[in-house]
Amino acid sequence: MADEKKFAGYICTGCGIGERLDAKQLQSVMTREGKIANCKQHEMLCSAEGVKLIRDDIDAGNATHIVIAACSRRAKVEAFSFTDVAMSRANLREGVIWLRPEGDEHQETTQEMADDYIRMACAEVKFLKVPKPSGEQALNKTLLVVGGGVTGMTSALEAAKAGYPVHLAAEEGRLGGVWADLYKRVPFRAAALGVPNGRDVDLPQPEDPGIDAMIAEIEASPLITVHLNAKITRTSGAPGRFAADISTESGGTVTENFGAIVQATDFKPYDANQLPEFAYGKTPDVVTNFELEKLAKAANGGPLKRPSDGKEVKSVAFIQCAGQRSTKPGHLPYCSGFCCTESIKQAMYFKAQNPGCDTTVLFDDLRTPGAAGEDFYRSGQQAMVTFTKGKASEVVSAGGSLKVKFKDLILNEDTEMEADLVVLATGQVPHVGPDPYAQLAVDMAETEEEKAAARKKLEVAPPSILNLDYRQGTDLPQLKHGFVDSHFICFPYETRRTGIYAAGPVRRPMDMKQAIEDAVGATMKAIQAAENAARGSGAHPRVGDLSYPSFRKEGCTQCKRCTVECPFGAINEDEQRYPQFNESRCRRCGTCMGACPVRVISFENYSIDTVGQQIKAVDMPDEFSEKPRILALACENDAYPALDMAAMAGERLSPFARVVPVRCLGSVSLSWITDALNSGYDGIVLMGCRRDDDYQCHFVRGSAMAAERLSKVGDTLQQLNLEVERVQVFEVAITDIKRAAQLINDMAATVEKIGMSPFKF
Amino acid sequence: MSTNQAMVEKYRNNFLKEVEANVEEGEWVKMCMQCGVCSGSCPLGKFWDHPPQEIFMMIRAGKRDEVLTSSSMWMCTSCYNCIVRCPRELPITHIMHGLAHYAKRLGLVPQNQPTAKFAQLFWDNLMKKGRVNELKLGMALYFMNGFGEGVKVAMKNQKLGMNMMKTGRMNPMEILGGHAVKDLGGFHKVMKKAQELEDARIAKHGA
Ligand code: SF4
Ligand code: SF4
Ligand code: SF4
């Protein structure tokens with residue numbers, strides 16, 4: 001009788017629940033309406049004794065589906081961790097008593113609120129299943145690292161150190177990538193501890209770049225296989241079972257299987273030919289910071305010679321932000337973040353060789369990130385490098401010397417200086433494949449102009465790096481300025497292709513030290529992804545979730561919404577053009593479920609029913625009761641915790657609100673909204689995360705997809721002859737503690753103004 | 001050749017080096033990061049031709065004459081606001097005095113710069129008796145800008161003078177020479193030695 005469902009409910013009366021609410025009444029709702037006869041109360045359910053009460057029922061085979069009516073599902077997760085049963089939780093503490101004022105006049109509505117949460121939890125649990133692994137899992141510990149620069153090498157070394165075999169594929173014929181030609185590197189360490197700030201002794205100096213040592217380490221590692229002159233010509237599969245074709249210039253192709261992938265393709269130096277104003281290309285004595293490294297390496301500590309006539313450089317000017325931080329066409333709009341310290345270092349090459357060399361750095365803002373940055377700046381100043389706050393406008397070559405025209409920004413005057421050599425501090429351009437959505441942008445463009453612009457972008461798209469055979473395109477999606485997307489603060493290495501992590505300057509401009517740190521982080525994530533895939537468990541942010549989407553083939557109309565909307569490109573198409581879910585690529589956001597117009601997609605522990613039935617379970621007082629019902633669907637990552645925190649902070653919530661957490665606003669099915677309106681809800685508040693460029697959505701595009709889908713809700717409302725104000729979508733951050741509650745209260749006020757819904761049956 | 005010309009010759013278009021070698025705490029100038037906090041902190045900043053940040057920039061830009069003939073560093077009241085706030089911990093106040101002193105040595109102080117004049121009066125007064133003669137210093141100060149002006153200022157400050165006399169802070173008899181420190185000869189010896197040391201230091205760096 002393994003399949004027989006045995007329901008059990010547990011009501012906690014601790015934390016003030018028992019004092020504020022009528023527990024007998026709750027129990028009666030659970031047994032009579034929720035139809036859970038096996039219902040127990042405990043005065044502190046999260047205590048060892050309380051937990052044992054539940055555990056014993058489960059172990060005795062008396063409970064396969066349980067309801068815990070206590071605190072928020074976000075609280076006491078360790079105590080209430082019963083992974084072998086289906087569980088729903090009624091949020092009586094944060095969700096009801098902490099959000100409601102005490103006092104007799106509030107008692108009735110507060111109790112009704114609690115009763116409803118019991119009904120909802122009972123309804124939900126009936127449709128929950130215990131997730132079982134799909135059997136699709138495999139453990140493959142081998143990682144693929146794409147990119148032979150410092151980032152890629154670090155990633156490979158870190159993986160090997162952790163015992164994970166690596167294939168390192170480099171496009172070039174040698175390791176080192178863009179960093180291979182460095183003469184020295186910006187120091188990694190700040191001034192020694194205990195050196196008083198003001199005395200400026202023992203400041204960090206340029207140091208050995210360490211590339212050769214890294215290469216030697218790689219060559220010595222038995223776990224690392226290096227492929228030089230290599231391209232990835234095809235990548236298929238999913239975390240745990242990626243297959244990649246690695247083709248080398250000589251024509252050979254090997255196919256290897258991988259658990260996870262790190263893309264560490266670094267950057268390409270900016271093309272300075274776009275800077276004619278600085279005479280680049282007109283005279284060989286104007287060089288980029290990348291070219292200067294080669295000159296310095298050739299000089300190897302001797303005097304640096306200028307390229308035109310081999311004369312020793314006696315004066316040099318560095319122009320910071322060359323072609324960067326500028327909105328001019330062809331310029332990079334961003335700061336590459338590494339070129340200030342790079343110029344300090346290079347200026348010190350000249351000073352170290354000849355202290356008399358006139359060395360000027362023309363900067364607007366000198367930005368020196370990293371622990372050593374500020375110390376290194378002082379180090380450069382101590383070496384008598386002149387730092388002039390000025391903006392260069394032009395370089396002219398005249399009579400065997402160069403004239404740099406600039407505006408001195410402190411003295412506010414246009415002036416000029418002479419130099420034997422000019423170094424342009426140019427930036428980093430991410431070394432990425434084509435944006436997978438570039439083709440889609442052409443298809444989706446509304447006007448001809450937009451189409452033309454989108455097509456143009458597609459034409460200049462770089463060749464693919466990963467050649468993914470995903471339905472959604474060959475490479476990692478990009479966010480801004482062509483960088484592979486990643487959330488800078490919350491989840492930096494996650495891309496929208498699960499199990500493929502971006503490390504280093506490919507995701508944002510950075511210096512070598514940061515790239516190394518980045519590689520360590522991304523490699524850790526890649527290892528996790530491989531291990532999670534082996535367990536059938538979701539990756540960030542639903543790590544540990546064993547459920548995965550499945551679909552009822554008979555109902556599917558092959559509309560392809562799911563394959564298009566999945567933010568992670570998890571869904572391919574099979575030969576019969578049905579969606580083909582790749583479990584370990586899936587992040588369990590439910591966006592596909594929300595997208596599916598015929599509602600055939602579901603998870604074992606989250607489905608159209610698990611939420612839909614909660615919505616239906618709420619007791620609906622009639623139109624004349626003056627007790628409206630407001631449904632709030634709140635993202636479990638941000639809005640729901642914000643409401644929990646509002647409760648802790650003593651905010652107040654309308655007693656007419658019923659809050660249901662959803663995995664992502666992207667998982668919201670329009671059917672929930674229509675059903676709710678049809679069954680008499682007076683207002684609906686949808687709370688998801690911030691979307692688009694500055695997104696906070698844990699599923700990157702889920703919230704944006706939802707917004708698009710929900711933009712059509714107005715039609716539904718009009719069809720029903722209801723006011724459009726009754727459904728509202730908001731972006732709520734986890735820090736919006738006051739606001740989250742306020743938005744719901746505002747809806748209550750709106751309902752009071754426009755009146756109750758006439759659909760109460 | 002004047003000292004000034006000698007210095008111009010010696011440091012040919014590297015004013016920063018000249019400052020490093022000759023100005024008290026001058027080696028700090030290169031460490032300024034141009035944040036402007038000092039200029040923003042100076043209570044008198046708005047009366048200056050060039051607030052400290054600008055002075056440091058001008059030194060690096062080799063604007064020798066403009067810096068040394070500027071009245072800016074003479075405006076510093078030693079309130080130390082800038083020093084306290086400078087994130088780079090530059091001894092700005094000291095550098096200002098150092099610059100003023102160097103300009104004085106080179107004979108580049110702007111004519112009629114009141115602070116410079118007062119400094120000279122104070123110095124001369126102090127040197128005579130080894131202590132400051134308040135009465136004489138006050139008088140000299142009043143008449144700094146001519147006799148008529150002096151009388152006016154003196155009249156205006158009459159009450160203050162009376163009070164100082166009453167409380168014994170000022171003795172009218174001091175006008176007759178005034179009393180000296182105990183060992184005036186010794187004092188002069190000390191000063192002479194100091195001058196010698198200073199000259200030796202200058203000789204080492206300068207002309
Ligand atoms: S749950 Fe999210 S990640 Fe998984 S297949 Fe559906 S849309 Fe894609
Ligand atoms: S959205 Fe639903 S109906 Fe459309 S293809 Fe996917 S599963 Fe089929
Ligand atoms: S506060 Fe210090 S660092 Fe900033 S401008 Fe003034 S002297 Fe320079």
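**Ligand 2.** I sorted the shell around ligand 2 by class and got nine nonpolar, two polar and two charged residues. The model is predicted, and I read every entry here with that in mind. I then listed the neighbours: 13 residues surround ligand 2. A:Cys556, A:Cys559, A:Lys560, A:Cys562 and A:Cys596 are the closest.

**Helices H2 and H5.** I looked at how helix H2 (residues 23-33) of chain A packs on helix H5 (residues 104-126) of chain A. Their axes lie 9 Å apart, at an angle of about 35°, and the crossing of H2(A) with H5(A) is right-handed. From H2(A), I listed A:Gln25, A:Leu26, A:Val29, A:Met30 and A:Glu33 in the contact. On the H5(A) side they meet A:Gln111, A:Ala114, A:Asp115, A:Ile118, A:Arg119 and A:Cys122. I counted six nonpolar, two polar and three charged residues in this contact.

**Sheet E8-E9-E10.** I traced an open sheet of three strands in chain A, in the order E8-E9-E10, with antiparallel pairing. Strands E8 (230-236) and E10 (253-258) of chain A are the edges, each pairing on one side only. The twist from one strand to the next averages 25°. I found six bridges between E9 (residues 242-248) of chain A and E10(A). For A:Ile246, I noted A:Val254 in E10(A) as the bridge partner.

Terms used
Residues are numbered from 1 along each chain as its sequence is written. Chains are lettered from A and ligands numbered from 1 in the order in which they are written. This is a predicted model: local features need pLDDT of at least 70, side-chain atom pairs count only at pLDDT 80 or more; totals for chains, interfaces and linings use all residues. Side-chain values use heavy atoms; hydrogens and water are left out. Two strands pair if DSSP finds at least two bridges between them. Helices (H or I, at least four residues) and strands (E, at least two) are DSSP runs, numbered from the N terminus. Axes are lines fitted to C-alpha atoms, for helices over the stretch in contact, and angles run from 0 to 180 degrees between N-to-C directions. A residue is near a molecule or strand if one of its heavy atoms lies within 4 Å of it. Ala, Val, Leu, Ile, Met, Phe, Trp, Tyr, Cys and Pro count as nonpolar, Asp, Glu, Lys and Arg as charged, and the others, Gly among them, as polar. A crossing is left-handed if the near helix is turned anticlockwise from the far one by less than a right angle, and right-handed if clockwise. Contact means heavy atoms within 4.5 Å.
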